[in-house]
Amino acid sequence: MENKKLTRSNNRMLAGVCAGLADYFGWDVTVVRIIYSFATVFTAFSGIIVYIILWIMPEKKYRDGYEDRMNDRLHNR
């Protein structure tokens, strides 16, 4: 089983919450944004509160290997 974490994405319109949810569940980000928009409108805008709560999720960090290369240089001296 894959060890996935729920994180915000860098593919963002505001804070990356919808894109993070789409990445986690393997859905299309556009579909998640449309569902979120409809859910927010039809629940008397309570989706805004949910969005703000989900905004505290950690942001996904993309690694390019630079940190690993620098650590290898420092420890192999």
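What you have is a predicted model, where local features need pLDDT of at least 70, side-chain atom pairs count only at pLDDT 80 or more, and totals for chains, interfaces and linings use all residues. Numbering starts from 1 along each chain as its sequence is written, and side-chain values use heavy atoms, with hydrogens and water left out.

Start with the layout. The protein chain has four helices and zero strands, so reading from the N terminus you get α-α-α-α; helices (H or I, at least four residues) and strands (E, at least two) are DSSP runs, numbered from the N terminus. Of the 77 residues, 22% are buried, with buried meaning under 20% relative accessible area, exposed over 50% and partly exposed in between (1.4 Å probe, protein chains only). Take the contacts (heavy atoms within 4.5 Å) between residues at least 6 apart in sequence: 44% of them join residues at least 24 apart.

Now zoom in on helix 1, residues 17–25. Its buried residues are Val 17, Cys 18, Ala 19, Gly 20, Leu 21 and Ala 22, and their cover includes helix 2 (29–42) and helix 3 (47–54). After helix 1 comes Gly 26, with a positive phi near 75°.

The accessible surface (Shrake-Rupley method, 1.4 Å probe) comes to about 6500 Å², with 61% belonging to carbon and sulfur atoms. A nonpolar patch of about 1100 Å² is made by Met 13, Leu 14, Ile 34, Phe 38, Val 41, Phe 42, Phe 45, Ile 48, Ile 52 and Trp 55. Patch residues have over 30% relative accessible area and no salt bridge, with nonpolar side chains (Val, Leu, Ile, Met, Phe, Trp, Tyr) joined within 5 Å; a salt bridge is a side-chain nitrogen of Lys or Arg within 4 Å of a carboxyl oxygen of Asp or Glu. Helix 2 supplies the largest share, four residues. Phe 42 sits in helix 2 and counts as exposed because its relative accessibility is 67%.

Methods
Patch = residues over 30% accessible without salt bridge, like charges linked within 9 Å, V, L, I, M, F, W, Y side chains within 5 Å.
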